[in-house]
Amino acid sequence: KNARMHTPVYYQKPEDAFQHPNRYTMLQALDWMLNKLSMIGKEIRESDRCRRTVEETLCEENGFNLLEMYCGCGAHTMAIAKTGIFDSIVAVELDKRLVSACKENCERNNCSPVQVEDGSCGGKDPISPVHVFQG
């Protein structure tokens, strides 16, 4: 089954922000990504083996969650949210203009539950190391 959403998404972005130059290739990549996420979501929800792995790494008490890094203006974020695969999505972006655009675009398209965050990690240096702790 093709996981591509059938509801169009409308978005705006700052004029000089990156956008894939080939619309067809972008849509093909988005379609591929949504299909893969759909298959992963199905496996996670149906397989005890996968469920144990996911509960240890990705799943919290409130469901299946996605962390999307470098979300840009939210074009992929909105498409992922519309699939309903994840119970929540945290979308992170470094460019403050794109953080604002992503928030506005998600609101405009009624995409929930999406939380958009500034990815500077609170530091002044955007290339600061990120530490991942497993507990």
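Author: In this predicted model, a strand is a DSSP run of E with at least two residues, numbered from the N terminus. Leu 67 lies in strand 2, which covers residues 63–69.

Reader: How many helices and strands does the protein have?

Author: The protein has four helices and four strands. From the N terminus on, these elements follow the order α-α-β-β-α-β-α-β.

Reader: What makes the nonpolar surface patch of about 440 Å²?

Author: Leu 67, Met 69, Tyr 70 and Leu 94 make this patch.

Reader: Where is Tyr 70 found, and why does it count as buried or exposed?

Author: Tyr 70 is found in the loop between strand 2 and helix 3. Its relative accessibility is 61%; the cut-off for exposed is over 50%, so Tyr 70 counts as exposed. The phi of Tyr 70 is near 55 degrees, a positive value in a residue other than glycine.

Reader: What is the phi of Asn 110, and why is this residue called buried or exposed?

Author: Asn 110 has a positive phi of about 50 degrees although it is not a glycine. Asn 110 lies in the loop between helix 4 and strand 4, residues 114–118. With a relative accessible area of 66% against a cut-off of over 50%, Asn 110 is therefore exposed.

Reader: What makes a set of residues a nonpolar core, and which residues have the most contacts inside the largest one?

Author: Such a core consists of buried nonpolar residues joined through side-chain atoms within 4.5 Å, where buried means under 20% relative accessible area. The largest core has 20 residues, and Ile 80, Phe 86 and Ile 89 have the most contacts inside it. Helix 1 (23–46), strand 2, helix 3 (75–83), strand 3 (88–93) and helix 4 (96–108) each supply at least two of its residues. Helix 3 gives the most, with four residues.

Reader: Which residues is Ile 89 in contact with, leaving aside its neighbours within four places in sequence?

Author: Contact requires heavy atoms within 4.5 Å. With those neighbours set aside, Ile 89 is in contact with Leu 66, Thr 77, Ile 80, Ala 81, Pro 113, Val 114 and Gln 115.

Note on methods. Residues are numbered from 1 along each chain as its sequence is written. This is a predicted model: local features need pLDDT of at least 70, side-chain atom pairs count only at pLDDT 80 or more; totals for chains, interfaces and linings use all residues. Side-chain values use heavy atoms; hydrogens and water are left out. Patches are made of residues with over 30% relative accessible area and no salt bridge: like charges are joined within 9 Å, nonpolar side chains (Val, Leu, Ile, Met, Phe, Trp, Tyr) within 5 Å. Accessible areas come from the Shrake-Rupley method with a 1.4 Å probe; for residues, only the protein chains shown count as cover. A salt bridge is a side-chain nitrogen of Lys or Arg within 4 Å of a carboxyl oxygen of Asp or Glu. Buried means under 20% relative accessible area, exposed over 50%, partly exposed in between (1.4 Å probe, protein chains only).
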